[in-house]
Each structure stands twice: as structure tokens, then as C-alpha cells.
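Dear colleague,

I am passing on the structure below, and my notes on what was found in it follow directly after.

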Amino acid sequence: MSNNYYYLVASLPEYTLDSDIKGLDIQSILMEIRENLSSQARKTVAFFLNFFDIQNILNVISGREGFNTLGNYSQEEIKNACERYFPNRSDDKKNDSDDEENIELPEYITQILAAYKNPTQAVEAGIDTEIPIDRALWNHYFALATASSNRFIREWYAFEQNIRNIAAAFTCRNKGLDAADSIIGSGEIAEQLLNSSAPDFGLKGIFDSVDTLFQILETKDMLGKEKKLDAFRWERINDITALDYFNLDCVLGFIAKYAIIHRWLVLDKQTGEKMFKKLIDELTDRKLLQPTAIE
């Protein structure tokens, strides 16, 4: 399997931006990844991508438009799965006998969806349905992710949870709102955000680069702030995978960066193209794009 990782990491950057579409061929990239992984590694990647499945589920439940193709399931599969728990949420109904469009979501997701559909099941499963369903899903996902046996998933999603919470607390404080309804999950940083009155929520020494993050959050231009936040995320991916070259953590780092690139190809194609070039430059600097890598 180590040889598979060696080949896979070397071949991933060969995908190029298609000038006729707004985005990378994400499905081809993910298919390439899955085909070169063991069954256990595929499960790890699938859990990593559940982040995008949850985004898509919440979009359907709330009636919002938008679908992230990085998830494990197609748009119709997500719609039909949600329809079983929240009927009539979509006017675009499908026949339940269409097996190709009906899938089973991960058990930890279906338990929460079932709990919000049926209060009896909520009590039996010990799920608090007093909080909005989006917080319930994210709380559970981040709890599983930050306890994962995979180092990249554990560290990356702990970081993602923290910057989401810090950004939410920062916004709530500026607007004079209570942050309690916006904080996801638990932990030391979540506690600080809920209880500290310090300008930086007492995060120095607890969260690395907290000053940099607060400078980003103070950016007035929304698009500029989002670009800086994703650059901040990008550097964190580099930190986590600094010593990873041909292993699963390296592959997951690729997927996390492709997710950022994909987002910007949709929002701002020029920014997405620059990020893709940055990815190739980084790989060249780390000598991962050498002829020997694919022999």
C-alpha cells in the first residue's frame, strides 16, 4: 500500500483546471484516490468527506440552494435521504423505488435526523432536540472527528471547529449577542469563548496565531476576509502535513486543499487558479513532483 500512496501523491497534481467549467473535476480526483486506497482508508476518506455531506443535508432541510460535490453522495441521493425524515421539504420528489437514488447515510447522521423527526427516538438516543438540528449535527461530527484515530482528521477538524467558534464569538460580541447559541461542541477554547471577557477571549497560549486570526476577523471587506481565512486554513494544512509525504495524511491534506480551491473556483475563478498554482509550487518545492515518484 505504501507504493500506492507514492504513486497517488505524485499523480494527483496532474489534474489541471478546465477553462470550460468552473471547477476541478472533483469526482475524477476522488475516484482516483479511492481506487488506490485500502477499504479501511476509503472509510477514513469517506468520514472526512461527511463534512460536505452534512453541509448538503442542512441545505436541503433548510430549503437553501447550493450543493457541494465534494460529498460522498449525489444531490438526488441527499434529497431522497432527507425526504425520508423531512417529507415535503423539496418539490422535486423522486420515486422511492429508484434504488440508484436511495442510499443509507452514516448511522450517526440518521440517528440525529430520526430524533428530530420523532421525539421518542430522541429520548431513547439521548439526543437533545432543543438545540437547532444544524448544531446537533455539527456537534456530533466534530466530536467524532476530534477523537478520530487518524491524526490529520483529528487535528484539522479541531482547528476548523476552533476557527468557526472564534469567528462566531467575535461576531456575536461585536453585535452584542450571546454566543452560547453559536458555539459548536465543547473543549477549552469553547469554554473560553463562552466565559472570558478578555479582548482576545483569553486565547493567547491556547490557540496558535490567535493575533493573526483576530486581524483577519477585523477585515471589513467580506470577500477579502474569506480569502484571508482560507489562506490561514491552507497554512494550517501545511503545518499538519509538514512531515507527511506518501501516506494517508498527505492525501487528506490534498483533499482539504482541493476543497479550498474548489470553493474559490466557484466564488472567484482567478483566486481559485492562483491557489491551484500555489499547490503545484509547494509540491515542487517539497520535491514530490519528481520523475522517480511514478516509476
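Helix α2 (residues 26–35) and helix α12 (residues 248–267) in this predicted model have axes that come within 12 Å and cross at roughly 175 degrees, so the two are roughly antiparallel (an angle over 145 degrees). Axes here are lines fitted to C-alpha atoms, for helices over the stretch in contact, with angles from 0 to 180 degrees between N-to-C directions, and helices are DSSP runs of H or I with at least four residues, numbered from the N terminus. The contact (heavy atoms within 4.5 Å) is made by Ile26, Ile29, Leu30 and Ile33 of α2 and by Val251, Ile255, Tyr258 and His262 of α12.

In the largest nonpolar core, which has 87 residues, Phe48 and Phe207 touch the most other members; such a core is a set of buried (under 20% relative accessible area, 1.4 Å probe, protein chains only) Ala, Val, Leu, Ile, Met, Phe, Trp, Tyr and Cys residues joined through side-chain atoms within 4.5 Å. The largest share of this core, 13 residues, comes from α12. Leaving out residues up to four places away in sequence, Phe48 touches Tyr141, Phe152, Ile153, Trp156, Tyr157, Leu252, Ile255 and Ala256.

Ile166 lies in helix α8 (residues 151–175) and is buried, with a relative accessible area of 0%. Beyond four places in sequence, the contacts of Ile166 include Ile189, Leu193, Phe207 and Leu217.

Residues are numbered from 1 along each chain as its sequence is written, and side-chain values use heavy atoms, without hydrogens and water. As the model is predicted, local features need pLDDT of at least 70 and side-chain atom pairs count only at pLDDT 80 or more, whereas totals for chains, interfaces and linings use all residues.

Best regards

Key: Parallel < 35°, antiparallel > 145°, perpendicular 65-115°, else oblique. Buried < 20%, exposed > 50% of the residue type's maximum accessible area, 1.4 Å probe, protein only.
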